[in-house]
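Try each one yourself before reading its solution.

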Amino acid sequence: MSVEAARRPRPKGGGAVRFSGFFWRFPWLRPLLLLTPPLAWFVVVYFASLVLLLVTAFWTTNPFTTQIVQFWNTDNFQRLINEPTYHAIIGRTVLIASLVTITDAVLAFPFAYFMARVASRRIQTLLFAAVLLPLWASYLARVYAWILILNHSGVLNWSMHLVGLPPANIGYTNIAMWIVFSYIWLPFMIIPTYAALERVPESLIEAATDLGARRWQTVRDVVLPLALPGVVAGSIFTFSLTLGDFITPILVGGAGSTLIGNVVYDNVGIANNVPFAAALATVPVAIMAVYLLIAQRLGAFRAL
Amino acid sequence: MKFGAVAALAMLLVAACGSTNPNTGNTLAPPPTANLKPPDKIGAGEGQLNLIAWEGYVDDSWAKAFTQQTGCVVNAKYAGSSDEMTSLMKDGGGGQYDMVSASGDADLRLIYGGDVKPMNEKLIPDYTNFQTYFKTPPYNTINGIHYGISLQWGPNVLLYNTTKFKIAPTSWSAVYDSSNKGIVTAYDYAITIADAALYLSKSQPSLGIKDPYELTKKQFDATVALLTQQRQLIKKYWGLASDEISQFQNGDAYIGAAWPYQTIQLKAAGAPVADTIPSEGATGWGDTWMLATKAPHPNCAYLWTAYVSTPQVQAAQALFFGETPVNTKACAQMDASSPGSCAQYHADAPGSYFDTIKFWKTPVTTCADGSQSCIPYDQWVSAWTAIKG
């Protein structure tokens, strides 16, 4: 219809008409104009910052005045490779991120399953609100709330004392960090899992039942494989968010809870060694690249 | 496996391109601004003053009166760390900032980076009333040239819980003692290495540590080893004063290095704490108002420095922030608004007191004897990361 309209003879004059004629003659112009702002944003803001990061990583600083010296070298990467401290920190970060991801997946799957396939419409809405509720409060407020629960004179130790158990004393440890991370990123796992579970056709489950599969067998052989891309998509969030975080370790972590993010933060904010921070920041980028590659193999991007 | 090949190639590249960093942090050359002559008198104010300051250093309760008196409108940018101050002051303040309230561990970096320039102390009337030490402290005065005017200072004290420690600890050894496992805390900052070095200078004289900020490789390694051992005793390092306060309130820490500010806050909240300066002495910080090399409003800057050096403002800031004025005349003012505060903050301390305090300064490669064997600050930072693990 619009094609017909465009082909109709045009009255002479009138800027708007001449303008649309211009687009008619050059059909590639309209999508170009539409795409330029987001593309420019992507290339300049998104991509350029990554390139700058990579370039800075090969520079160095004057150790005394801490000014950046544009002297090309690989010292920063050598330090990462040679010093066991950074191996331990990178290993700890990946371990915590993996543990958090597994914990969230285990917690989220039954919850999302109930939400998507069992709960009534009303309960579903209520559960949705409950999942999203923590996101309404500030991240810091939620982490501080956990400090109040986990610290020495906190709610946890107090409750354990009440029922006659010895105090747990897990405040300011890696266990505290694992619990808090798992709590904070849980909604990011539940929602993609829920979306994937909801898309599993009822007919497939009926077919499985018709063919004599028991309930758990149906879940294992039909629902789980179909929902897996959703879980993997959620794991991208939980894994990458944990990988880059530095606030939770500062607040609930103890001595020996340093993650990659903390070292980057210390080097930018305290030591003023931006090149080394940049070198270290390429590590999560590389880890995520590998992770996304695996996720893509598992079909995570079809569920997004 | 394509990815593996690329990664292997990258590793090879990194290993092959070994390099020698041309910068050694040599400080023997005089500061780049040493020859800039400071003015002989203060001219008319420019109407504006842009400051980089610690939070609370430019409070309205005294900054407003300054604007009324001089017509200089004060704009303050608060910085959270010495290093943030150093980076904001890059390129002599960039023609934007006039002054910075830098601590001793940033001063030398600013001076040798050419970011600040000499100041004429004769234009500050209250300078003559300063504690002798703070007229020419080594962190802001080089070869008799003042790169700033001292402002306030404070010691890093040993804070302890009085129900756990009935008798005041007399040595810093308490924070390295394995019998205190799980109840020790420490400041999460590379400069904490100096605290351990100070302790070792007394407990292990064979190491020969004279200045906790000038450590040879051997002394530095011994200090790092002590701190690595200490990590096992620490539940959590503190980064913000409020962190340490809540640790003491919640029973997650009973002893550790602190600022007098934490003691005051905890006591006010009714916590059973006290602080002490142990027999080995203590480290401390001394802050200085420094003038940016490219300061656009130098007259307002001098007017401000003279104003914050007066006894009234010195006392007001000391009580507001919990630190000690450098102007000896401020003592009476402090006691007038908060009885006993002068003695509490050691504002009336005799000169010998300052010998027990080793003020923060930037560790550099050049040792006091001129040799190039001391460990510079960037290695302190990476060592600190390794200590924390």
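**Exercise 1.** Which residues in α5(A) meet which residues in α11(A)?

Solution. Keep in mind that this is a predicted model. Start with the α5(A) side: A:Thr93, A:Ile96, A:Ala97, A:Val100, A:Thr101, A:Asp104, A:Ala105, A:Ala108 and A:Phe109 take part. Across from them, α11(A) brings in A:Val231, A:Gly234, A:Ser235, A:Thr238, A:Phe239, A:Thr242 and A:Leu243. Now sort the residues of this contact by type: nine are nonpolar, six polar and one charged.

**Exercise 2.** Describe how the two helices pack.

Solution. You'll want two numbers here, since packed helices are described by the angle between their axes and the distance between the axes. Helix α5 of chain A covers residues 84-118, and helix α11 of chain A covers residues 215-244. Their angle is about 145°, and the axes are 9 Å apart.

**Exercise 3.** Where is A:Tyr172, and is A:Tyr172 buried or exposed?

Solution. Look in the loop between α8 and α9 of chain A. Next, count neighbours: 28 other C-beta atoms lie within 10 Å, so A:Tyr172 is buried, the cut-off being 20 or more. Check the backbone too: phi of A:Tyr172 is positive, near 60°. Most residues other than glycine have a negative phi.

Technical notes. Residues numbered from 1 in each chain as written. Chains lettered and ligands numbered in written order. Predicted model: local features only at pLDDT ≥ 70, side-chain atom pairs only at ≥ 80, totals over all residues. Helix = DSSP H or I, 4+ residues; strand = E, 2+ residues; numbered from the N terminus. Axes fitted to C-alpha atoms, helices over the stretch in contact; angles between N-to-C directions. Contact = placed C-beta atoms within 7 Å. Nonpolar A, V, L, I, M, F, W, Y, C, P; charged D, E, K, R; others polar.
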